Amino acid sequence: MMISPARWVEGLARRIGLSAALVLYSGLVLVLLATISAGVAWRIIEEHVQAAQNEHAHGEAQGAVRSLDVFLRDRMIALTGVAAKGDLIQAVVQPEVNRAWLGDQLHAQYILGTAPKLTLLDFEGRPLYTTRSRPRFDYPQRVWVQELLEGRRRDFIGASRSGDEWYWSLAAPILNHGYPEGVLVAEFPVDAAMFQGEMATLTESVHVAIDYDGQTILERGPVFEGPTVVQKHEALPLQVRLTIDPSALRMARGSLLRGFITRVGLAGLIILALSSWLAHRYLLRPLERSAHALEEAERHARAIFESTSDLLVLKDRDHRYRAANQAFIDFVGRDREEVLGALDTEILPSGCALDQREKSKQVLEEGHPSTSDDEVVDARGNRRWMSVNRMPVRDGDGRVSGVVCAYHDITHRKLQEESLLAAKEEADDLNAMLSESIEQAEALVVEADRANAAKSEFLANMSHEIRTPLNGVLGMADLLAETELDDQQQAYANAIYVSGQALLTLVNDILDFSKIEAGRLELEEIDLDPRRLVEEVVDILGPQAQEKSLRLRVEICDEVGPLYRGDPNRVRQILLNLTTNALKFTESGEVRIEMGPMEGGAGLKIEVTDTGIGIPQEAQARLFDSFTQADSSTTRRFGGTGLGLAISRRLVEAMGGEIGVISEEGRGSTFWFTLPLEGATPTENSSEDLSLRVGCQPAELDRPWNLLLVEDNPTNQMLALALLKKWGVEADLAKNGQEAVDMVQAKDYDAVLMDCQMPVLDGYAATRKIRSLGGAYRDLPIVALTANALAGDREKCLATGMDHYLAKPIRKEALCAVLSECLSRSVTIS
């Protein structure tokens with residue numbers, strides 16, 4: 001039979017007194033509390049100690065991985081610096097380097113204060129030299145060596161074993177102009193030097209092991225029984241296993257336990273001292289406070305019920321109003337006595353009264369709240385929209401005894417919703433129309449893109465097909481003019497050449513205009529000498545002016561700087577267009593080119609003035625439009641397409657300048673344009689003439705040149721071979737790209753002149769095949785001779801591995817300059 005604590009204290013009090021019994025009982029409670037607290041404290045402390053141990057182990061393991069990563073990365077960075085040295089690059093590029101000298105170089109290399117074992121591999125992964133007694137691996141068979149040589153890896157870090165010793169193997173590619181030509185491998189012993197930085201805190205109470213690819217490569221510290229923390233490296237197959245001696249934290253466990261028990265005892269004494277005071281203060285007057293709180297709550301509820309602007313009512317199960325606030329009384333326009341005890345049908349219009357009764361009935365029967373938007377009529381007959389919330393009221397037994405209805409006026413919101421709905425319907429109609437218009441516009445864009453693509457493809461094909469025979473016409477006419485001809489034959493040959501040049505000018509103008517229209521015009525930003533550009537224009541157009549007995553004058557202001565930054569080829573093209581037009585439309589007098597600084601800013605202003613026919617005022621406004629001249633009679637009399645001025649305007653505007661004309665019919669014209677160019681600082685190479693001038697200087701050849709001409713067009717074959725023979729250069733002929741690939745492997749050539757569009761194998765694929773042969777074939781000069789002259793064709797040729805690009809018709813001066821650059825010699829052009 002169990003005895004309750006109260007009866008036990010009561011019996012004890014009769015024997016030893018009430019005060020002593022209470023003291024004894026409190027002591028026993030305190031002992032029991034301390035015992036329970038000690039057990040709970042021991043469990044908490046065990047968990048705390050275990051958590052601290054795990055956290056400490058994780059921190060040490062992370063520190064070990066960080067230290068090891070720093071150790072390896074620092075040496076990888078240093079090894080990459082050694083691999084970038086010119087001596088080692090020269091050694092792998094020229095394997096015949098003196099091996100004794102190479103050995104001295106490798107033995108002298110120190111990486112972060114240590115001299116590792118170094119091995120130098122060639123471009124096939126074979127060892128060229130090693131500071132070890134012999135190479136450690138069959139390096140060509142190592143996957144990471146091939147990945148480094150193929151450029152698929154930037155470096156390699158791994159661990160390997162030699163006998164009972166482990167080594168770190170680090171490798172970096174040796175790059176020559178960005179291409180891997182060999183690999184430098186360094187080997188470091190795996191020892192305690194890896195433990196740096198945070199790992200310096202390791203003591204004899206920690207056991208740490210380093211695993212690489214599943215094998216233990218290093219261990220440190222005594223072995224302990226206990227949980228082991230594993231920390232993996234992010235990038236390498238490497239992990240650190242770390243175990244901390246569990247006995248290291250026993251002292252902390254005991255100290256924590258003693259402190260906890262002391263605090264629990266003090267807390268128990270304080271609780272016993274305060275218990276009587278708390279009971280007296282908080283247990284004697286609960287009913288009084290509860291009654292007062294209930295009265296206050298009722299008063300507050302009544303105040304809220306009456307003060308809210310919403311309409312509030314309480315109905316019983318018979319649907320009679322038992323309470324209503326003043327807002328509802330005012331809404332229905334009745335006295336409170338009339339409302340209380342009445343039904344909906346007695347105070348509301350019949351239509352909305354029945355609706356309100358049915359919705360209240362649903363809440364009373366189902367016992368669930370409901371919400372609805374209802375249209376009701378106030379005392380003045382105005383229709384109002386109300387958001388009505390109905391909540392069931394339950395009695396002490398949990399049964400539904402009534403319903404509370406709260407009416408919130410939403411008339412304004414409903415009107416806005418109706419307006420928004422009408423606006424949305426209108427917007428939907430507009431969106432539908434807009435979607436239809438967008439679909440039509442997109443269809444037109446697609447059609448325009450197709451048309452532009454077709455136009456670009458047509459221009460590319462037509463350019464290629466025109467330039468191919470035009471190369472033969474101009475080239476053969478040039479060669480014919482250099483033979484022994486009588487005056488009449490010489491005139492015929494000159495006429496052929498001039499006509500061909502006119503056709504070439506037309507083709508170039510059309511291509512330039514198409515590139516501008518397509519938005520693919522690209523401008524260079526290099527040094528240009530304005531005086532040199534004017535001299536070149538005079539050199540080119542001087543003979544034309546002499547034929548017409550016109551004076552071609554040049555006036556350059558002293559304030560014009562020596563160098564500017566811009567596109568010299570486009571500036572020359574604009575100046576040539578304006579000066580050519582001036583010579584064309586001038587029958588007597590002179591053409592004057594004036595150059596000076598631009599007003600109000602850095603740059604140039606150039607004017608071309610003639611004493612020609614002039615331009616009517618009404619024609620000047622459309623003069624710079626495409627395919628436009630002053631009038632049709634002018635076109636018939638002087639010729640031309642009307643593209644030159646349109647192209648010039650687009651070029652000037654693309655460079656940020658302006659172009660215009662001042663003219664009076666019968667009294668000549670002045671075409672002017674401005675270019676906001678920034679001045680450039682002269683350098684050692686600023687005075688070099690980068691343009692191709694007529695005539696390359698002859699030079700003695702130390703041996704005959706061996707060239708390979710790859711060309712499928714018979715006329716162009718004849719022209720190129722004749723031109724090369726005239727210079728004393730031997731050349732073999734390949735009629736397609738496949739023949740060229742076979743011939744360069746069968747015979748050593750100094751350079752290859754490569755056409756691009758050919759049967760069997762085109763020039764692009766042939767160039768890639770030649771470059772893929774490796775070795776000396778990577779440096780074999782390959783010059784593109786192609787009729788593809790649209791935007792991007794030059795870049796396409798260079799991207800496939802060609803060294804130079806020449807567009808047909810080929811100028812012999814340009815070909816001479818390219819061959820001289822490729823072979824570091826000059827070609828004699830007579």
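Helices here are DSSP runs of H or I with at least four residues, strands are runs of E with at least two, and both are numbered from the N terminus. Hi everyone, a quick note on sources: this is a predicted model, where local features need pLDDT of at least 70, side-chain atom pairs count only at pLDDT 80 or more, and totals for chains, interfaces and linings use all residues. Residues are numbered from 1 along each chain as its sequence is written, and side-chain values use heavy atoms, leaving out hydrogens and water.

Let's start with α11, residues 350-366. This helix is followed by G367, which has a positive phi, near 75°.

Which residues of α11 are buried? They are C352, A353, Q356, S360, V363 and L364, where buried means under 20% relative accessible area, exposed over 50% and partly exposed in between, with a 1.4 Å probe and protein chains only. Looking down the axis of α11, these buried residues fall within an arc of 110°, so they line one face of the helix; the arc is taken from the directions from the helix axis to the C-beta atoms. On the face turned away from that side, you'll find the exposed residues S350, G351 and E365. The cover over the buried residues includes β10, α10, β12, β13 and β14, with contact meaning heavy atoms within 4.5 Å.

Now for a pair of helices. The axes of α20 (residues 737-746) and α21 (residues 763-772) come within 8 Å and cross at roughly 20°. Those axes are lines fitted to C-alpha atoms, for helices over the stretch in contact, with angles from 0 to 180 degrees between N-to-C directions. On the α20 side, G737, Q738, V741 and V744 make the contact, and on α21 A766, K769 and I770 do. Thanks, everyone!
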